[in-house]
Amino acid sequence: MKSKKLLGLLMGSALVVSTFTGCGNSGGSEQGASAQASQTGDKVQPADTETSQAEKVTLTMLIDTDITLKGFQEVAKLAEEKLGISVEIETRPGGADGDTLVKTRLASGDMADICLYNSGALLSALNPAEYFLDLSSQDWIDRLDETYRKTVSIDGATYGVPYSSSQAGAILYSKPLYEELGLKVPNTWDEFIANCDVIKAAGKTAIVGTFADSWTAQVLYLGDHYNVLAGDPTFPEKFEAGEAKYATNSAALRSWEKLVQTSPYYNSDYLATTYDDGCDIMANAEAGHWVMLTQALSNIYELYGDKVNDIGVFGIPGDTDTGLTAWMPSSFYVNKNSDKVEDVLRFLEFYTTEEALDAYTSAVLPDGPYCIKNYQIPENGYDAVKEDMQAYFDAGKTSVALEFQTAVKGPNCPAICQEAVLGQKSALDYANAYDADCLKQAVQLGLNWK
Amino acid sequence: MKNEKKLYLIGDIVGLLGALIIFIIPFGFMFINSLKERREANLLNMNWPETLQWVNYKEVFTANNSIVLTAFKNSILLTLGAVVVLIMVCSMAGYVLQRRRDKLCGFLNALVLSGLMVPPAILPTIWMMQRLGIYKTLWGMILIEVALQIPFTIMLYRGFMNAIPVELEEAGYIDGCTRVSLFTQIVFPLLKPVTATVVILNAATIFNDFTNPLYFLPGSKNATVQLTLYNFMGQYSSSYNLLFADVIIITLPMLVLFIFFNKRIVAGMVAGAVKG
Amino acid sequence: MDKKKIYSNWFLVPAMTIFIVMFLVPMVISLFFSLTVWNFRDYTFVGLDNFKMFLTEASLNIGIKNTLIYAILTCLLKVVLAFFIANFLTSKIKTKNILRSVIFFPNLVSTIAVGITFAALMHPSKGLLNATLGVLGIGPINWLGDPGLALYSVIGTDVWKGVGVATVIYIAGIQAIDRTYYEAAAIDGASKWQQLKAITFPLCRPAMNSIIILAFVGGMRSFDLIWSMTGGGPGFATDVVASIVYKQYGAGFYGLSTAGNVIMFIMIGVLAFPLQKFLLSKEVDG
């Protein structure tokens, strides 16, 4: 409360200064300029009122350019026919630029009607109770899968509706290359490294690194979470309480060791190779592995069609066994202060119906199971999803990533992982650096660490 | 003498070659790749395109509901507005700051210099704009750009004033000119060369500004040209051919401005920035 | 003549008002928040903790070192290169007008666009730069991927883009020099090099000082070129204070972020103001 008063005072004094000048303008040319400018300002405005007067409702949605729109557009088309709701998309950059923009717009009270953003830890960092509508009282909210729902719920309130299917952070491998070199899908980390050695010896890229998009560097560390849990099931709680650290917990430190261990196996230009390049490289069997989110399957499908089935998936191997770390999709969040809340809710309700999901799948095939109860993966899904991934789910060998279990995620994770892959220091150094990064997040969230 | 001529000829050739390699090639690279097909462009070489894809330019213009056109309108209004305001307020301020040498002006000089050095504080600025009711308006954005460019622009005007003899103003004063007409009729016309410099340098800075419009002028209706680059940089659509086509398109206005003002840039700098 | 009467303070009011309201006041407000953990709605006062964190944590204080390297090197290179280019372009060569235009033009191109283009040219396996060097049997050099080299690759690009302005300021300075000095020197038998040293260099002093200050301060604040070329990476190898401030802001650490802003301000203040004083005093001596 104090902060508001102080600000008010400062702002107030500034206002006095500005009115004072309003009178003081001696040069006639000054006033001419401001009159002109307010005219141009007026011209811009009518566009806004036009849309709200029309019978149909138009909602605005803020979305990052990194996300595939095809499935959404199918659903939106249907919603326009059936509900008379059209959605106008405002794009924002992804990555750090996008985070900055979302936070700035929330803080300044200028969010679109719907905000699309990550689930899990990154959602908590937005302080959602302040800005987003609690959906837990909606009668359709039970359609959401429980595991998913937990990742968009804070203190009993549910904020999100899933944008797409879930996916996994795993290792994509090239089936043709595996066949050519007579390799088998590895079940342990050592077998995986042995496979990499074989591929490297054959003069091919063992693992393709796409770290020009720095977020891709963290998939190995984040995707190793199933194994961390296998080693220490209580790690997430202890971590959130500030009791367990990556540097001191042996199961967790292992993730960083693995990251450093992959260092010799990447393509030489891995820091300049982009996610897009990665899709091309995997589709053309130019590399053995890619540690990536399975959403890449959809991108490869878009570019290369059925070649997508040349690619298989296995979880990041543990020391004795392998499981799969699952990712929850980005979610729609409803701007609490929107004047169209009712329409937004109608739209989201529709988005979770089977009809809408069918429309979605007609354009984009799922990269993992859906987060809506009882909705099945379609027959024509990718082999990697239908066979490889489903096997883990059937065997119960899956967990969600750490960022969906705790609110703490160090914002510099991509950069630290990128450094770790360079492998110039020890795994322990990187784990320490990441712990320090998480501490900053914990302090910001008001957790009592240390 | 003959030797000297030869030397200059060699200088010409070396200079042109150097410029070609260091300055022309990057632009040629952008242009050639803007005419390629996506996969061909991703190879990032200077080979001539297999087929010229002029359609890339069309695609850039029509992408995302022709956001590029909206962005052009916004950027041009923003640049024009801010430059006009800057010329008016800074020429007056630079004039007085150079002529008066009292404590207040010394203090203001230091204050302005600090503005050259400190990055803007984003959130408090947004709050301020909301209080004034100018957040998310082009007018508000113009004021922000003006505030950010005031230090540099005042510096240029103040420096240029050094070269203008004070006798003219004294004569005008004795002839009974008012303070305002003294400035508008006598001094301002003399500032023409430096005004040209101000126009081109500020127009370039503001037209090319990326971060500030991102914060202070959100909303797709308000997009400025630099933000359109993001349409072609996303993870699902990263395509160098369209990206470079967009780069070329948004560089053209600067090229036009440059051709127009080219000869005057140096003239304005004479004694301008020189006597910072 | 009454200076106060002719040069009315009213002339200062419009510029100062915009500057104070839109820039200075928000900045002062942010000073306060650098002492807090802040999430917009409320804050906890933490004293100098943010500053301590900034100065002690490796991922943060690497920016301070990089900022200094970046500012000093870009400044130095621009000042030296532009001096020779400007002399070249004020000599009697025929193509000087074209060359002046060519060298100045990159300054008008958007920094983001330049960053994207040079990152492509510097691509380690496909880029034109390495392809050319490869023909000469050099490389491949990992321009932006080698943590020890990346910062210098960005510095090179910055100089490429910014040397034009420095050159133009020098040209202005050189053209203002009275031709008779050169004629006299030529009669005395001074060589071109001696003329450059004894006449052009000292008489360009004021121009050079402006360039030093502008380039140095510009270098300290530089951010978008680094951001578009490397994003601060690989790891944190090319992070400067401005990019760290931006990242902390993006992460939602508003207190820490504003503290970084204040550190940047102090750094610039501590270095740039004395630098300018020093340069001006030299000018008077010369």
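Select strand E12 (residues 331–334) of chain A: Ser331(A) and Tyr333(A) point one way, Phe332(A) and Val334(A) point the other way, and all are buried. Here a residue is buried if 20 or more other C-beta atoms, placed from the backbone, lie within 10 Å of its own. In a regular strand the side chains alternate between the two faces of the sheet. The model is predicted: local features need pLDDT of at least 70, side-chain atom pairs count only at pLDDT 80 or more, and totals for chains, interfaces and linings use all residues. Residues are numbered from 1 along each chain as its sequence is written, while chains are lettered from A and ligands numbered from 1 in the order in which they are written. Strands (E, at least two residues) and helices (H or I, at least four) are DSSP runs, numbered from the N terminus.

Strands pair if DSSP finds at least two bridges between them. Strand E3 (residues 114–117) of chain A pairs with E12(A) in the antiparallel sense over four bridges, and Ile114(A) stands opposite Val334(A). Strand E6 (residues 160–162) of chain A also runs antiparallel to E12(A), joined by three bridges. Val161(A) has Phe332(A) as its bridge partner, and Gly160(A) has Tyr333(A).

Now show the whole sheet. It is an open sheet of five strands in chain A, in the order E2-E1-E3-E12-E6, with mixed pairing. Strand E2 (85–92) and E6 of chain A are the edge strands, each pairing on one side only. On average, neighbouring strands of this sheet are turned by 30° against each other, direction ignored. Angles run from 0 to 180 degrees between N-to-C directions of axes, which are lines fitted to C-alpha atoms, for helices over the stretch in contact.

Select helix H17 (residues 341–351) of chain A. H17(A) lies across strand E1 (57–64), E2, E3, E6 and E12 of chain A, and runs at about 65° to E1(A).

Colour chain A by domain. Domain 1 covers 55–165 + 329–378 and domain 2 covers 167–327 + 384–445; the bounds come from an automatic or database domain assignment. Their C-alpha centres lie 27 Å apart. The contact takes 17 residues from domain 1 of chain A and 21 residues from domain 2 of chain A, where two residues are in contact if their C-beta atoms, placed from the backbone, lie within 7 Å. On the domain 1 side, helix H6 (121–124) and helix H8 (146–151) of chain A are the elements that give two or more residues. H6(A) supplies the largest share, three residues. By class, this side has seven nonpolar, nine polar and one charged residues. Nonpolar means Ala, Val, Leu, Ile, Met, Phe, Trp, Tyr, Cys and Pro, charged means Asp, Glu, Lys and Arg, and the others, Gly among them, count as polar.

Move to chain C, where 36 residues are in contact with 35 residues of chain A. On the chain C side, the elements giving two or more residues are helix H2 (13–33), helix H4 (58–89) and helix H13 (241–251) of chain C. H2(C) gives the most, with seven residues. This side has 20 nonpolar, 12 polar and four charged residues.

Finally, select the contact between chains B and C, which takes 71 residues from chain B and 73 residues from chain C. The side of chain B that touches chain C has 52 nonpolar, 12 polar and seven charged residues.

How values were computed: Buried ≥ 20, exposed ≤ 12 C-beta atoms within 10 Å, placed from the backbone.
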